[in-house]
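Biologist: Hi! Could you walk me through this model?

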Amino acid sequence: MKKILFLGDIVGSHGCRFVKSVIYDIKKKHGIDIVIANGENSADGNGITPLSADMLFGFADIITTGNHCFRRKEVYPLLESSDRIIRPANYPEDAPGKGYCIYDMGSSQLAVINLIGVIYTDQADNPFSAADRILSELRGRLNAPNILVDLHAETTSEKKALGQYLAGRVTAVIGTHTHVQTADETILPGGTAYITDAGMCGAELSVLGVRSDIVIKRMCSHIPEKFTESDNPAFLNGVVTEYDEKTGKALSISRLVIR
Ligand SMILES: [Fe+2]
Ligand SMILES: [Fe+2]
């Protein structure tokens, strides 16, 4: 058996610091083998930078991203060189970085795939066919189908559909991007752990991690204003998934909220 802790979008240095302060206790309490974190908003002022990635690697084994992955140019060399940070696989082939990675856990390996939804997000290739393509690339490269998919998407329908499309073929499909944790965690037929959104790690009283007064002002006035992360007390949102590393089947998924 192995246990994965998946952390929802980590917002700014405030979110990074809070996770760092509680991660040891979580790992000990739940017996976590691997930590995967969505880090597309980890840099102050949005996106991900080498500095924020470094903070995340203080507690995460693998970093996934999403629509903000290319916002900061200084991270492109890291996206190219690191085999522990990935960006959506269904972005254009010549975009910096890679869409999946294989993490060696000694007794088994875990493949982590990042996909982006195409409804109300960026233009990208169809995530369903991208998933099919990667699963066939992975065939024969893993001892068992231990595969986690971070589906970074806006709509609940697209995530539900892709989760069920991949049911029985991967260990887990975990949604990210909305920064709001959903209460629909389940084991889909065939042994795939699923949740529509893991939530976020950052200021709880905020608008998706951003200072509420700025967002409200912008929405009222329609005048663009730079977003700044809120420094209100932070919380952690994530999920713990247990799976059988010999079969790749998920055994349980539970939501985690730490304040
Ligand atoms: Fe995000
Ligand atoms: Fe996002």
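**Strand 8 and its neighbours**

Modeller: Strand 7 and strand 8 pair in the parallel sense over five bridges; pairing needs at least two DSSP bridges between the strands. Helices (H or I, at least four residues) and strands (E, at least two) are DSSP runs, numbered from the N terminus. This is a predicted model: local features need pLDDT of at least 70, side-chain atom pairs count only at pLDDT 80 or more, and totals for chains, interfaces and linings use all residues. Residues are numbered from 1 along each chain as its sequence is written, with chains lettered from A and ligands numbered from 1 in the order in which they are written.

Biologist: Thanks! What is the bridge partner of L148 in strand 8?

Modeller: A172. Strand 8 is also joined to strand 10 by three bridges, again parallel, and V173 stands opposite Y194 there.

Biologist: Is strand 8 enclosed or open?

Modeller: Five of its five residues are buried, so strand 8 is largely enclosed by the rest of the structure. Buried means 20 or more other C-beta atoms, placed from the backbone, within 10 Å of the residue's own. A172, I174 and T176 cover one side, V173 and G175 the other.

Biologist: Switching to helix 5, which residues are buried there?

Modeller: E158, K159, L162 and G163. Seen down the axis of helix 5, they fall within an arc of 130 degrees (using directions from the axis to the C-beta atoms), so they line one face of the helix.

Biologist: And the whole chain, how many helices and strands?

Modeller: Six helices and 13 strands, with 46% of the 259 residues buried.

Methods: Buried ≥ 20, exposed ≤ 12 C-beta atoms within 10 Å, placed from the backbone.
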